[in-house]
Amino acid sequence: MIRIKNLNVDLEEFFLEDINISIDENQFFILMGPTGAGKTVLLEAIAGLVPVKSGRIIIGKRDVTRLPPEKRGISIVYQDYALFPHLTVLDNIIYGLHFHRVKKDEQKRRSEALIQQLNLRHLLHRYPGTLSGGELQRVALARALIIHPDVLLLDEPLSALDPAFREEIRDALNRLHRLSNITFIMVTHDFAEALSLAQQAAVINNGRIEQTGTIEEIFRCPVSRFVAEFVGMKNCIPVRFNGTNAAVEGLEIETGREWAKEGGYIAVRPEDVVISRRPLHSSMRNSFQGKVTCVRDRGFFYEVVVRVGDTAFTSLITKGALLDLGIQEGIMVWVSFKATAVHVF
Amino acid sequence: MKTRELFFWVMIASAVIIMAFILLPMIQLMTAPSLPMLKKTIRERDVLQSIWLSIYTAGLASLISFVLGTPLAYLLSRAQFRGKGLIESIIDLPIVIPHPVVGIAILSIAGRGHWVGQILSWLGVRIMGSVTGIVTVLTFVGLPFYINAAKEGFEAVSPRLEKVSRSLGASMLSTFFRITFPLASRSILVGAIMCLARAVSEFGAVVIVAYHPMIAPVMIYERFEAYGLKYSQPVAFWLVALCLILFLLLRMLTLYRKKRS
């Protein structure tokens, strides 16, 4: 269990303000946020690599706030691998064992297991300079895990990799997490990565935690406009509440329940917005007519922007649907979504 | 045929003039003494002694710079603090001070009128006219070259590698010896050689502090004063040969490093 209480860090370029996070043992926890939000700083604060201004960091039952990094029981893996260039792959992997009291046969057992799990046997006597990105990251993982840390810190381990390697390392992370009882804390700016790996997460922006909870909660019920946009809710609209309705410039959007506040935001995931050429007779309580102003090719999907009055709704539809409905810029369509698809914050 | 711009010829002329400027005196110096003369000179006890003195005092200066300067160079490469620029300028000071002034400055604190001189005399250390004095001024003039090269070497080692090492259980000291130092070792070696080369070539500061025991440059000067050009050349030949070897070593090391990275 890791608890971070009222943590403040003030570096010149980055800062963290009043960070509170609680991570259960053996979790795969993801720290998300845009570039420059302070994710890496938080990771390095947990590792003891940046000075902490105030607050406490507790790993297990130990308060590690004032401990040097080597006494915290953590390992860190960086996006750029940070392998020691003057050591062979094998020497990189076993580096940490020099500083831990581990019996010879146990050392052997650990390194053999990791070499096996991460498929590194053919690389052991090479130097890092000659390895590919995926290989480098596998070595970095082995090096970090060999000391059996309580917590493994991962700083965007997938971002620098080609797509093919990314899949491979993501699978490896998943497998290693299942096989060990180590708590994984991973930083990413990619929400899709978080979805495929983690159970719990926090969204960080401008040095502050915006939201923390299960991935599902963050995905389904973002608590702020920033989080909503970060998790891909394109349709974030400022509204005034009136009964169960949310009003915006002539539109009355049904939210399904009453809200005890006057103003706020509603958000609808673009995949929850249905487009049709005629009014739909369905259980969907919200249905508006508008004009298609933009159609963007997003690879497997098309993003269609429909203007209703002054409000733009974005919908994701498949290429097939796009062709079937004959959607193109300038035509009139209906956008519909359920009251339960409307998130209020 | 393509006609070259005038600037192209300016560059060629610049290269030719500078090469001639450096090489003509050197070639003349190295070819003027006759072979028997060279042989005779190198067999002279005084000459051998002074060349050996030059090498080992410069070597000691380089070693002292390495031991004293490495921690400071590392500090300057990693820490950001107020007054860092000032410290860096102070380190460069020995490069800009005229050489005889260095000698005078060192002597002026080594005398009995200064508390440093009093401590030294209480310890039984003599600066004036001693090997200790020679090593002191050579360290003074060579230190900046070592510290600057070592600092650059340390700066090239990513702090991230040190962070990873710390997280894997290594203390600051273990991290320095296992990661930072090996990765910066080439720069450190280059720095030590530059410091050595600088110290071997020092004359002005040494001649103030210690005319005797006589290092090679002082001997060359003495022979020039007493017997003229012809008699100073053979000693100069042997000293230059030594400096050239140092220089070649340096070039080979830096070239090797470039190839590796």
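**Exercise 1. Find how confident the predictor is in chain A.**

Chain A averages a pLDDT of 90, and 100% of its residues score at least 70. Here pLDDT is the predictor's confidence in each residue, from 0 to 100. This is a predicted model, in which local features need pLDDT of at least 70 and side-chain atom pairs count only at pLDDT 80 or more, while totals for chains, interfaces and linings use all residues. Residues are numbered from 1 along each chain as its sequence is written, and chains are lettered from A and ligands numbered from 1 in the order in which they are written.

**Exercise 2. Describe the build of chain A.**

Start by counting elements: chain A has nine helices and 20 strands. These are DSSP runs numbered from the N terminus, helices being H or I with at least four residues and strands E with at least two.

Then turn to burial: of the 345 residues in chain A, 39% are buried, meaning that 20 or more other C-beta atoms, placed from the backbone, lie within 10 Å of the residue's own.

**Exercise 3. Work out which residues of chain B touch chain A.**

The contact takes 17 residues from chain A and 15 residues from chain B; two residues are in contact if their C-beta atoms, placed from the backbone, lie within 7 Å. On the chain B side, α8 (159–167) and α9 (172–200) of chain B each give two or more residues. The largest share, six residues, comes from α8(B).

How values were computed:
Buried ≥ 20, exposed ≤ 12 C-beta atoms within 10 Å, placed from the backbone.
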